[in-house]
Amino acid sequence: MSAVSDVPAIDALDSPASALSCLYALVGECIEYPDAELVASIRDGRLARQLEQLLRYLDARLLEGIDLQPCADPGIELEPLAVEYTRLFDAGPKGTLCTLNGGLHVGPQMKMMEEAVRFYGHFGLTLAEHQELPDHLTTQLNFLHFLAYGE
């Protein structure tokens, strides 16, 4: 989970666009399948601090109604987090509870993926071999990170 360790200090951000770029990358990393680095950043509170600082920098009102305590849980364990991620987003007896692929919400998925690939191509981007599908939320957040970074 590189975005957690790559978020610059708030005083190093030179614009709201750079903070937004960092926020998109961080949230995108958080929505991927959990790994040991994510768990470590939650255990030591680093993830919660980074989210809080980025949101406050952008607009303190973004913090209204947000509970960041789950992002600073010293007792979190990887296995239960991974099981819950799978239950919610990847598998279930009748499909997922909340798919992260946009095409499954508004479908047909193949058409949505084709449109996304063409849209990314308009910006000169191609998808990496082992990346999520083009209509996946993490792919879309990475694209927003790219756009904000270019700003």
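I count a contact when heavy atoms lie within 4.5 Å. On that basis, among contacts with a separation of 6 or more in the protein chain, 62% join residues 24 or more positions apart.

A note on what I am reading: this is a predicted model, where local features need pLDDT of at least 70, side-chain atom pairs count only at pLDDT 80 or more, and totals for chains, interfaces and linings use all residues. Residues are numbered from 1 along each chain as its sequence is written, and side-chain values use heavy atoms, with hydrogens and water left out.

I looked up the secondary structure next and found eight helices and zero strands, taking helices as DSSP runs of H or I with at least four residues and strands as E runs with at least two, numbered from the N terminus.

I then checked burial (buried is under 20% relative accessible area, exposed over 50%, partly exposed in between, with a 1.4 Å probe and protein chains only). Of the 151 residues in the protein chain, 32% are buried.

Now the rings: I pair Phe, Tyr and Trp (its six-membered ring) when centres lie within 6.5 Å, calling planes under 30 degrees apart stacked, over 60 edge-to-face and the rest tilted. The structure has seven aromatic pairs. One of them is Y85 with F89, edge-to-face at 5.0 Å centre to centre and 65° between the planes. Both sit in helix α5 (residues 78-90), four residues apart. Y85 is buried at 9%, while F89 is partly exposed at 24%.

I also noted that F119, Y120, F123, F143 and F146 make one aromatic cluster.
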